Amino acid sequence: MGRKNKREPWEEEEEIIWVSKSEMKRDMEALQKLGQQLVELRPSVLAKFPLDDDLRTAVADAQRFEKEARRRQLQLIGKMMRTRDVEPIQAALDLLQNKHNQQTIELHKLEKMRDRVIASGDEAINVVMEAHPNADRQKLRQLARQAKKEQEGNKPPKASREIFQILRALKAEAGE
């Protein structure tokens, strides 16, 4: 009587991994969404991404297309991405989004420092002077007083904006 599998008994059998149709669809949709994110990027940013020529051309075409042609092109991009390693592309996209989030956080920190300079005056200005010794203490004091008057008089926050610009310039000078 013959055996079902034609392997020798000492050979290991390969493990078969079953993937449901729904899971395959979810994976394909995730790749299509990744392609959509690539299409929404500006060409100058997209140039820095690790894409091969075919995929780069397909993304550039999708950026030109509208409506139904764009939808079909996105499906094509999703299909093309199935055969490629998407981890470097996803990592580059995550890095880009993280960079944007970091910039937002930095701007919020500057806004808080500006508000402290206006609210507490010399105390907060001393903190700024310790971090940035080349800052103009006199100018910051003058602008803080002006900003307080503007807030009290419900006037446009011109001095407040100037303080923010000075703080941003000081941060850029320091290379932070």
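This is a predicted model: local features need pLDDT of at least 70, side-chain atom pairs count only at pLDDT 80 or more; totals for chains, interfaces and linings use all residues.
## Salt bridges, cores and a surface patch

Lys139 has a relative accessible area of 31%, so this residue counts as partly exposed. In one of them, the side chain of Lys139 meets that of Glu162, with N and O 3.9 Å apart. Lys139 sits in helix 7 (residues 137-152) and Glu162 in helix 8 (residues 158-174), so this pair ties together parts that lie 23 residues apart in sequence. Glu162 is partly exposed too, at 29% relative accessible area.

Another salt bridge joins Asp61 to Arg64, and here the closest N and O atoms are 2.9 Å apart. Both residues belong to helix 3, where three residues, or about one turn of the helix, separate them. Asp61 has a relative accessible area of 22%, which makes it partly exposed, whereas Arg64 reaches 57% and is exposed. Then there is the pairing of Asp115 with Arg114, whose closest N and O atoms are 3.3 Å apart. Asp115 counts as partly exposed at 40% relative accessibility, while Arg114, at 16%, counts as buried. Salt bridges also link up into a network, made of Glu68, Arg71 and Arg72.

Turning to the inside, the largest nonpolar core has 19 residues, and the members that touch the most others are Leu38, Phe49, Ile77, Met81 and Ile89. At least two residues of this core come from each of helix 1, helix 2 (43-46), helix 3 (53-64), helix 4 (67-82) and helix 5 (87-120). Who does Met81 touch? Leaving aside residues up to four places away in sequence, Met81 is in contact with Leu31, Leu34, Gly35, Leu38, Leu55, Val86 and Ile89.

Ile17, Val19 and Met24 make a nonpolar surface patch of about 300 Å². Val19 is located in the segment before helix 1 (21-39).

How values were computed: Residues are numbered from 1 along each chain as its sequence is written. Side-chain values use heavy atoms; hydrogens and water are left out. Patches are made of residues with over 30% relative accessible area and no salt bridge: like charges are joined within 9 Å, nonpolar side chains (Val, Leu, Ile, Met, Phe, Trp, Tyr) within 5 Å. Accessible areas come from the Shrake-Rupley method with a 1.4 Å probe; for residues, only the protein chains shown count as cover. A salt bridge is a side-chain nitrogen of Lys or Arg within 4 Å of a carboxyl oxygen of Asp or Glu. Helices (H or I, at least four residues) and strands (E, at least two) are DSSP runs, numbered from the N terminus. A nonpolar core is a set of buried Ala, Val, Leu, Ile, Met, Phe, Trp, Tyr and Cys residues joined through side-chain atoms within 4.5 Å. Buried means under 20% relative accessible area, exposed over 50%, partly exposed in between (1.4 Å probe, protein chains only). Contact means heavy atoms within 4.5 Å.
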